[in-house]
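Please keep the coordinates open while reading.

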Amino acid sequence: MTTIILDNVWKEYEDRVVLERVNLALDDHEFLVIIGPSGVGKTTLLRMLLSQEQPSRGRILIDGEPIAAEPTADRGVVFQRYSVFPHRTVLGNVMLGPQWAGAPVLGRFFGARRRELEARAMALLERVGLADSAHKYPAQLSGGMQQRLALAQALILKPKVLLLDEPFGALDPGTRRSMHELVRDLWEENAMTIVMVTHDLSEAFLLGTRVIAVDKPRRDPQAPERFGATIASDFEAKCRIVRESRRFETERERVRLALVPPASTDPNSLPGDVSPARALVKD
Ligand SMILES: Nc1ncnc2c1ncn2[C@@H]1O[C@H](COP(=O)(O)OP(=O)(O)OP(=O)(O)O)[C@@H](O)[C@H]1O
């Protein structure tokens, strides 16, 4: 179970206010998506959830406790640009995190421990569709495959919170769609909360259980750095409705396709013949 609370969080760099008065309570197993104009502070918010940045004011609580001051293994991250190690194989990349966490001096496991980790890493690679590429190097993978690898790398540490910073931004539309499905399934299968930044509104409403828009509520044209951005809109309910209706449509399409038999090979059938099953299915 993971809850996240941001309590009056501010982020300032010297006299530049980036974020101000950010208040948010996230339930367990949410898929939060953050949208907003470029440069408004979305990544900064994510970096604070990762402890790569500290709030200037306010506090962040995870499961009721103040967030750790340093990044920890229970918070995984995937960035837009591939964050994999080029000189390690796919399997080596996935095994690296647990080895560094469990054997910080040598960075390697041996014997039964290594075999157990390798089996776990292979199972995860199977899950993200990369088992056949386990012994390839990242340069031999497509962009989508590298992002699948980055996901496996993050998931092997069983994070309670997975942070995604525009993870599909560099991918073509087809690959993006398959990544959407994969990430949504992984989120449903694992006990984790996801916080994702995107510029893509349809992606936000497709995936999120909650979408927040971050923007500046007040501006000083003479001093643009004076005011920061905050949560301008919170689309919780709408998001669920959109998601459920998409699920319904997908299910309806699946049933429709299951009912429609393949095109007739009967040479006597006339063009436009309607099979009994097809007649039952209304578009
Ligand atoms: N270490 C830093 N020092 C000073 N300013 C910073 C620092 N990190 C970020 N900023 C500033 O904070 C603001 C918000 O940056 P951030 O990357 O969070 O925006 P963003 O909403 O994620 O943008 P984009 O959508 O373009 O990725 C920017 O104006 C940026 O220049």
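How does Met145 count, with 19 C-beta neighbours inside 10 Å: buried, exposed or partly exposed? In this predicted model, Met145 counts as partly exposed because 19 C-beta neighbours lie inside 10 Å, whereas a residue is called buried at 20 or more. Met145 has its place in helix α4, which covers residues 143-155, and, not counting residues up to four places away in sequence, touches Leu130 and Ser133.

Arg256, which lies in helix α7 (residues 236-259), is also assigned by its neighbour count: with 14 C-beta neighbours inside 10 Å, Arg256 counts as partly exposed. The table sets out C-alpha to C-alpha distances for one pair from each of these two residues.

| Pair | Separation in sequence | C-alpha to C-alpha distance |
|---|---|---|
| Met145 and Ile35 | 110 residues | 25 Å |
| Arg256 and Arg219 | 37 residues | 52 Å |

Strand β8, made of residues 193-197, is mostly covered, with 5 of its 5 residues buried. In a regular strand the side chains alternate between the two faces of the sheet. Here, Thr193, Val195 and Val197 point one way from β8, while Ile194 and Met196 point the other way, and all of them are buried.

Two strands that pair with β8 can be described in turn. Strand β3 (residues 31-35) runs parallel to β8 and is joined to it by 4 bridges, and within this pairing Leu32 has Val195 of β8 as its bridge partner. Strand β7 (residues 161-165) likewise pairs with β8 in the parallel sense, over 5 bridges, and the bridge partner of Leu162 in β8 is Ile194. Between β7 and β8 the chain passes through helix α5 (residues 173-189), and this β-α-β crossover is right-handed.

**The ligand shell**

Which residues are found around the ligand? The shell consists of Tyr13, Val18, Gly36, Ser38, Gly39, Val40, Gly41, Lys42, Thr43 and Thr44. By class, the residues of this shell divide into 3 nonpolar, 6 polar and 1 charged. Helix α1, spanning residues 42-49, supplies the largest share of the shell, namely 3 residues.

Methods. Residues are numbered from 1 along each chain as its sequence is written. This is a predicted model: local features need pLDDT of at least 70, side-chain atom pairs count only at pLDDT 80 or more; totals for chains, interfaces and linings use all residues. A residue is near a molecule or strand if its C-beta atom, placed from the backbone, lies within 6 Å of it. Ala, Val, Leu, Ile, Met, Phe, Trp, Tyr, Cys and Pro count as nonpolar, Asp, Glu, Lys and Arg as charged, and the others, Gly among them, as polar. A residue is buried if 20 or more other C-beta atoms lie within 10 Å of its own, exposed if 12 or fewer, and partly exposed in between; C-beta atoms are placed from the backbone. Two residues are in contact if their C-beta atoms, placed from the backbone, lie within 7 Å. Two strands pair if DSSP finds at least two bridges between them. A crossover is right-handed if, with the strands pointing away from the viewer, the path from the first strand over the helix to the second runs clockwise.
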